[in-house]
Amino acid sequence: MLLLRCHLKHTPLSQASCGLCAIMGKLQSKLKHSSYKYSRPDGIMEERIQTKASQEYSPAHVDAVSAVAALNSDLCVSGGKDKIVVAYNWKTGNMVKRFKGHEREITKVACSPRSGQFFSASRDRRVLMWDLHEASQPRQQLCGHALAVTGLAVSPDASQLCTGSRDNALLLWDVGTGRCVERASVSRNLVTHLCWVPNEPYILQSSEDKTIRLWDSRGLQVAHMFPTKQHIQTYCEVSMDGHKCVSCSNGFGGEGCEATLWDLRQTRNRIREYKGHFQTVASCVFLPRTLALVPAIATSSHDSKVKIWNQDTGACLFTLSLDGSGPLTSLAVGDPISLLCASFNRGIHLLRVDHSRGLELEEVAAF
């Protein structure tokens, strides 16, 4: 403050006020305000306000981000309305490479296990295959859908890719040759997401017809259809052990807006629901046990909130509100202590799980 007074000593009052406001504005711009709810050990829910410094990295995109996925423990890939796929080092805050090739908004991204290869789907009806270590041109272009591609799932051995679309169809591709080897279509099955079951030949699919289907990739046949929900199923994810899956619903004003845990083994029954969001739940992930002391899942919603749930009891353990971010569109596990969350208005958020005071979630950076 001494330096500030010396600087303003011979300055007219109006100019001094403007200068002070400008300096304070710069300081405030580095502070991120977020509210969260915390479940105390005695069962009482407290609402707190966080006002702490959060790093602002160079932005990965210039428009809304639709999808984010972890390529490895340092890098993520993302895509959105700017039609560009970006590889980003979220630990250093550096953009690694930009990939151009799509003509319309990117809807999904998916990474091949243990490699630098990844895929992007778009409203231009195409799927493009990229390699981090090669030129910024696509290695392959997969064309076969009549409408926007809205689902991508890579097989555990990375030899096959399953794609889904608003044209009601699923296509199975040979990654090595780029050839479509299977095709299946179900009336009114507008695909919203695809996920390959770890170490199994099965693919999980969510749909606008309010159902979750389990497909057998050997012939691309429906192996099971879970009981129909009351709202559109927007997303699905499978646990690492392949025993359970979680799906989430659209909705508004708290109607719908839930996540649902399903048994993927013999019974294939609905286990429980997680309710507390007030708008469409767009994404859900199982948290690694290193991220949570109890089995837990995380959800992100169009209400700008990320919630952590006790998987076994259905209790909401923590709620983080990313104020000013608009709808949250995609959620991915970055590393054993980090989550990546894509948004409409503020790019991608780096969130960190803190066990020092129980299970808490805080934003540490945005890019």
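Residues are termed buried under 20% relative accessible area, exposed over 50% and partly exposed in between (1.4 Å probe, protein chains only). The model is predicted, with local features requiring pLDDT of at least 70 and side-chain atom pairs counted only at pLDDT 80 or more, whereas totals for chains, interfaces and linings use all residues. Residues are numbered from 1 along each chain as its sequence is written, and side-chain values use heavy atoms, with hydrogens and water left out.

**View A. Asn 199 in the loop between β16 (191-196) and β17 (202-207).** Asn 199 is exposed, with a relative accessible area of 68%. Its phi is near 60°, a positive value in a residue other than glycine. Strands are DSSP runs of E with at least two residues, and helices are runs of H or I with at least four, numbered from the N terminus.

**View B. Asp 303 in the loop between β27 (296-301) and β28 (305-310).** Asp 303 is buried but forms no salt bridge, and Lys 305, the nearest side chain of opposite charge, is 5.3 Å away. A salt bridge requires a side-chain nitrogen of Lys or Arg within 4 Å of a carboxyl oxygen of Asp or Glu; for charge, Lys and Arg count as positive and Asp and Glu as negative, while His and the chain ends are not counted. The side chain of Asp 303 makes polar contacts with those of His 277, at 3.1 Å, and Ser 301, at 3.0 Å. A polar contact is a pair of N or O atoms within 3.5 Å; within protein, one must be able to donate a hydrogen and the other to accept it, and residues adjacent in sequence count only if both atoms are side-chain atoms. Apart from residues up to four places away in sequence, Asp 303 touches (heavy atoms within 4.5 Å) His 277, Phe 278 and Gln 279.

**View C. Ser 304 in the loop between β27 and β28.** Ser 304 counts as buried at 13% relative accessibility. Although not a glycine, Ser 304 has a positive phi of about 70°.

**View D. The largest nonpolar core, with 18 residues.** Such a core is a set of buried Ala, Val, Leu, Ile, Met, Phe, Trp, Tyr and Cys residues joined through side-chain atoms within 4.5 Å. Ile 308, Leu 351 and Leu 361 touch the most other members. Strands supplying at least two residues each include β27, β28 and β30 (328-335), and β29 gives the most, with three.
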